[in-house]
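Hi,

Here is the structure I said I would pass on.

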Amino acid sequence: MKGLYRYLSPFTPDQSGAVSVLFELGGIIVICDAGGCAGNVCGFDEPRFFSEKSAVFSACLRDMDAIMGRDDRLVAKIGDAVSSYDAKFIAVIGTPVPSVIGTDYHALRRMIEKKFSLPAFCINTNGMENYDAGEEKAYAELIRYAEEHEAADGSGRPEKPFAGVWGATPLDLAAPDSAQLLRSRLSSDGMRVVTYGMDSTFEDMLNCVYAARNYV
């Protein structure tokens, strides 16, 4: 039965969720695809593209580059983006392509960090799970990095306590100002509220380990 598909990708798959978390944080986001998945993210799944800018790129993998796992070609393309964009980090978002060929994300992350001296995140998404799974994986990578770089003496702790909101992205909220509404409702006691994924910064993510309270 040629052409029979037993499994279909969700309408908004996990790579879209990962991009949604990283969209506003000031990094270079590379969707590791052959030129299709990035179009879906930018054209359909991320409404902020209509009013905001973000450095989201497609890896545009050629057939043999993907099959042979030529990570050096991908790193070279990332170098072109780094030379023209002041990035705070580099993130590589997985799709069905690297999932099928078994890309070594750990090695790829080390290559990128060594080459560009920037924080690097490789999100092991595969295009077959829902967007919330991709959000969870992106958050986990950011938290891992924040924990590894937490100052042992607590010198990085913000002066005032704050609360964090996890999972607040346009994929789950009703309108562009929903995050602002969440913050105003949850800050009734005067505590500053950070929505991770909307109206937040990379620095906010690095400080997530110091949150006095978390909402999910």
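**What turned up**

Let me start with Asp71, which sits in helix H4 (residues 71-82). Bear in mind throughout that this is a predicted model. Setting aside neighbours within four places in sequence, Asp71 has contacts with Thr103, Leu108 and Met111. I also checked Asp71 against Cys60: the two are 11 residues apart in sequence, and their C-alpha atoms are 13 Å apart in space.

Next, a helix pair. At what angle do the axes of H1 and H2 cross? Roughly 60°, with the axes of helix H1 (residues 14-22) and helix H2 (residues 37-45) coming within 10 Å. Angles of 65 to 115 degrees would count as roughly perpendicular and those under 35 as roughly parallel, so H1 and H2 are oblique to each other. Their crossing is right-handed. On the H1 side the contact is made by Gln15, Ser16 and Val19, while H2 brings in Cys37, Val41 and Asp45. Sorted by type, the residues of this contact come out as 3 nonpolar, 2 polar and 1 charged.

Glu46 is worth a look while you have that region on screen. You'll find Glu46 in the loop between H2 and strand E2 (55-58). Is Glu46 buried or exposed? Its relative accessible area is 2%, and the cut-off for buried is under 20%, so Glu46 is buried. Not counting residues up to four places away in sequence, Glu46 touches Ser20, Phe23, Val41 and Pro170. Val41 also belongs to the H1 and H2 contact.

Then the aromatics. Searching the whole structure gives 8 aromatic pairs. One of them is Tyr139 with Trp166: the ring centres are 5.0 Å apart and the planes stand at 80°, so this pair is edge-to-face. It joins distant parts of the chain, with Tyr139 in helix H7 (residues 131-148) and Trp166 in strand E5 (residues 162-166), 27 residues apart.

Finally, which residues form one aromatic cluster? Those are Phe89, Phe121, Tyr145 and Phe202.

That's what I have for now.

Cheers

Technical notes. Residues are numbered from 1 along each chain as its sequence is written. This is a predicted model: local features need pLDDT of at least 70, side-chain atom pairs count only at pLDDT 80 or more; totals for chains, interfaces and linings use all residues. Side-chain values use heavy atoms; hydrogens and water are left out. Axes are lines fitted to C-alpha atoms, for helices over the stretch in contact, and angles run from 0 to 180 degrees between N-to-C directions. Helices (H or I, at least four residues) and strands (E, at least two) are DSSP runs, numbered from the N terminus. Angles under 35 degrees count as roughly parallel, over 145 as roughly antiparallel, 65 to 115 as roughly perpendicular and the rest as oblique. A crossing is left-handed if the near helix is turned anticlockwise from the far one by less than a right angle, and right-handed if clockwise. Contact means heavy atoms within 4.5 Å. Ala, Val, Leu, Ile, Met, Phe, Trp, Tyr, Cys and Pro count as nonpolar, Asp, Glu, Lys and Arg as charged, and the others, Gly among them, as polar. Rings of Phe, Tyr and Trp (its six-membered ring) pair if their centres lie within 6.5 Å; planes under 30 degrees apart count as stacked, over 60 as edge-to-face and the rest as tilted. Buried means under 20% relative accessible area, exposed over 50%, partly exposed in between (1.4 Å probe, protein chains only).
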